[in-house]
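This briefing is intended for reading alongside the sequence and the three-dimensional structure. Please keep both in view.

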Amino acid sequence: MSEDFQPTSDFLRILTERGYLHQCSDLAGLDAKAKSGDLTAYIGFDCTAPSLHVGSLVQIMMLRWLQKTGGKPIVLMGGGTTRVGDPSGKDESRKILSLEEIEANKQGIKQVFAQFVQFGEGKTDALMADNADWLTKLHYIDFLRDVGKHFSVNRMLSMDSVKLRLEREHELSFLEFNYMCCQAYDYVELNRRYGCVLQMGGSDQWGNIVTGIDLGRRMGTPQLYALTSPLLTTASGAKMGKTAKGAIWLSETMLPVFEYWQFWRNCEDSDVARFLKLFTELPMEEIDRLAALQDAEINEAKKILATEATAMVHGRAAAERAAETARQTFEEGVVAASLPSLILQANEIPAEGLGVLAAFVKAGLVASTGEARRQIKGGGLKLNDEQISDEKALITIEAIEAGAKLSLGKKKHVLLRLAEG
């Protein structure tokens, strides 16, 4: 992106000042299109899981800002391309899902988007399309003749998504090799159906997106544009949205709201300002004020980040409940009822009580009893805020019925509860 370019449209101004913009095929042309009030853009999401995770949140926020600045967002579900598999950034082929699994995943992802964009029939209302509507109806020979002739195998082999796999001598199936053809054709089809002229995505999708622009030019579409966001990592270099316990999902059924809030609260100090810009809608002046906080005060900025980011996904009320749970747990030292819970049946608890090693493994706070022993020796495990020193200690059924709080370090807690009845 040219540092000299000053956007005149609200859309590109916001994307630039908040850190969403990495590459654009034609900044001046896209800026004029956005300023005209007639910009329709899409991002594609394959249906590989029942929800999206934090790694997709930058793209989701870009669609949100597009709508808030007068553009029309299209959420493209990959009901068709999920059957093929995107080779980008992967060393092995994606697991082939059944049609039933793909449909179930698609429904889960739809629920995520309902929190971020408004769907409807109006000019700027979002629409959700599914590339299965056209990809599954293509006649293969016709597709090869009308679309395949525009693809150079030499150029396809030079694309990072293909080249890296081949350089590492990892197998690339013919099925996956077709993915970029399908994605490029999606762009052409969305232009024909809805007047879409911009495809956005992460920077790893740049090659696929500009291939779509080239296909559009060869097949007679109007001017198309490409825009990518930077691939996001934390200050320490970790991949965004991944933790030791797994992905940070955007669905409450896959990750409790409190744990989502805690993910943001526990971010690194040097990430706070960047995350406030990307994952909240706080005014830039307020973000600058929070970013200037130092030492212990930065924790207040982290709490605001956690609450604002959680409110975007789960609603304001749920975010404030999570913040209050954290306040009670960490600042008052009480057992908060909305902590992540493990419900145990009475027959799961031996008459003499549940061993602490087994309890921490069941709660998912440690991977094994051996790890639990090591944590006890290091003073890292607590029961109801009391440090555990005896690895043979037992938690009685009465203690579990009252609510037994297991803690690993200062920030990870699970409440053991007894099933009712």
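The structure is a predicted model, in which local features need pLDDT of at least 70, side-chain atom pairs count only at pLDDT 80 or more, and totals for chains, interfaces and linings use all residues. Residues are numbered from 1 along each chain as its sequence is written, and side-chain values use heavy atoms, with hydrogens and water left out.

**The sheet of 6 strands**

- An open sheet with mixed pairing is built from 6 strands in the order β1-β6-β5-β2-β3-β4; strands (E, at least two residues) and helices (H or I, at least four) are DSSP runs, numbered from the N terminus.
- The edges are β1 (23–24) and β4 (127–130); each has a single partner strand, so one side of each lacks a neighbour in the sheet.
- Helix α4 (residues 99–113) packs on this sheet and touches β2, β3 and β4, where contact means heavy atoms within 4.5 Å.
- The direction of α4 makes about 160 degrees with that of β3; axes are lines fitted to C-alpha atoms, for helices over the stretch in contact, and angles run from 0 to 180 degrees between N-to-C directions.
- Strands β2 (residues 40–46) and β3 (residues 72–78) are paired in the parallel sense over 7 bridges; two strands pair if DSSP finds at least two bridges between them.
- Within β3, M77 is the bridge partner of F45.
- Helix α10 (residues 179–194) lies across β2, β3, β4, β5 (198–202) and β6 (225–229), and runs at about 145 degrees to β2.

- β14 (residues 404–408) pairs with β15 (residues 412–418) in the antiparallel sense over 5 bridges, and L415 in β15 is the bridge partner of K405.

**Residue S51**

- S51 is located in the loop between β2 and α3 (57–68).
- S51 counts as buried at 3% relative accessibility; buried means under 20% relative accessible area, exposed over 50%, and partly exposed in between (1.4 Å probe, protein chains only).
- The side chain of S51 reaches the backbone nitrogen of S251 at 3.5 Å.
- Leaving aside residues up to four places away in sequence, S51 touches I109, V112, W249, L250, S251 and M254.

**Residue L305**

- L305 belongs to helix α15 (residues 298–314) and is buried, with a relative accessible area of 0%.
- Beyond residues up to four places away in sequence, L305 touches W264, C267, F275, L276 and T280.
- L305 and F275 are 30 residues apart in sequence and 7.5 Å apart in space, C-alpha to C-alpha.

Terms used. Polar contact = N/O pair within 3.5 Å; in protein donor to acceptor, adjacent residues only side chain to side chain.
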